[in-house]
Amino acid sequence: MSIARSITLATVSLAFAISAFSSAALAEDLSLTLNNRSSFVVVEFYASPSDVGDWEEDILGADVLGSGESIEINIADGRTQCAYDLRFVFDDGDVLDKPAVDLCDTGSYTLTD
């Protein structure tokens with residue numbers, strides 16, 4: 001293999017490695033404060049990227065978010081997008097969907113009646 005070809009292959013390999021590292025570095029966890037200012041208890045909370053057709057897992061798990069309470073949530077899904085669909089399930093069985101909420105821009109989300 002010629003020296004010029006070796007240098008070209010090394011340059012391409014280095015560019016690919018830098019590109020892969022840059023893409024991984026762009027994937028950041030999203031953090032937000034969820035405030036429940038409604039008069040209902042939130043028993044389930046889902047946040048799924050807007051381009052995903054299914055809901056991810058219930059973020060609250062066995063916990064609930066009572067009226068007047070707040071919780072810090074980290075979405076560590078490795079994605080680089082900001083638009084998430086939010087789903088709230090309340091203790092009375094009602095469901096509230098909020099499509100395409102920009103979680104990078106807001107830093108918090110407040111439920112009200």
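## A salt bridge, a core and a buried asparagine

Let's start with a charged pair: the side chains of arginine 87 and aspartate 97 form a salt bridge, at 2.7 Å from N to O. The term covers a side-chain nitrogen of Lys or Arg within 4 Å of a carboxyl oxygen of Asp or Glu, and by this rule the count comes to 1. The two partners sit in distant parts of the chain, 10 residues apart, with arginine 87 in strand E4 and aspartate 97 in strand E5 (residues 95-102). Arginine 87 is partly exposed at 24% relative accessible area, and aspartate 97 is partly exposed too, at 36%. Here buried means under 20% relative accessible area, exposed over 50%, and partly exposed in between (1.4 Å probe, protein chains only).

A word on what you are looking at: this is a predicted model, in which local features need pLDDT of at least 70 and side-chain atom pairs count only at pLDDT 80 or more, while totals for chains, interfaces and linings use all residues. Residues are numbered from 1 along each chain as its sequence is written, and side-chain values use heavy atoms, leaving out hydrogens and water.

Now step back to the whole chain. It has 2 helices and 6 strands, running α-β-β-β-β-β-α-β from the N terminus on. These are DSSP runs numbered from the N terminus: helices are H or I with at least four residues, strands E with at least two. Of the 113 residues, 26% count as buried.

Moving inside, the largest nonpolar core has 18 residues, and among those with the most contacts inside it are Val42, Phe45, Phe88 and Tyr109. Such a core is a set of buried Ala, Val, Leu, Ile, Met, Phe, Trp, Tyr and Cys residues joined through side-chain atoms within 4.5 Å. Strand E4 (83-90) is one of the elements that give two or more residues to this core, and E4 gives the most, with 4. Phenylalanine 88 touches residues including Leu34, Val42, Phe45 and Tyr109, not counting those up to four places away in sequence; contact means heavy atoms within 4.5 Å.

Finally, visit asparagine 36 in strand E1 (residues 30-37). Asparagine 36 is buried, with a relative accessible area of 0%. Its side chain makes a polar contact of 2.6 Å with the side chain of serine 38, and a polar atom of the asparagine 36 side chain lies 3.3 Å from the backbone oxygen of glycine 66. A polar contact is a pair of N or O atoms within 3.5 Å; within protein, one must be able to donate a hydrogen and the other to accept it, and residues adjacent in sequence count only if both atoms are side-chain atoms.
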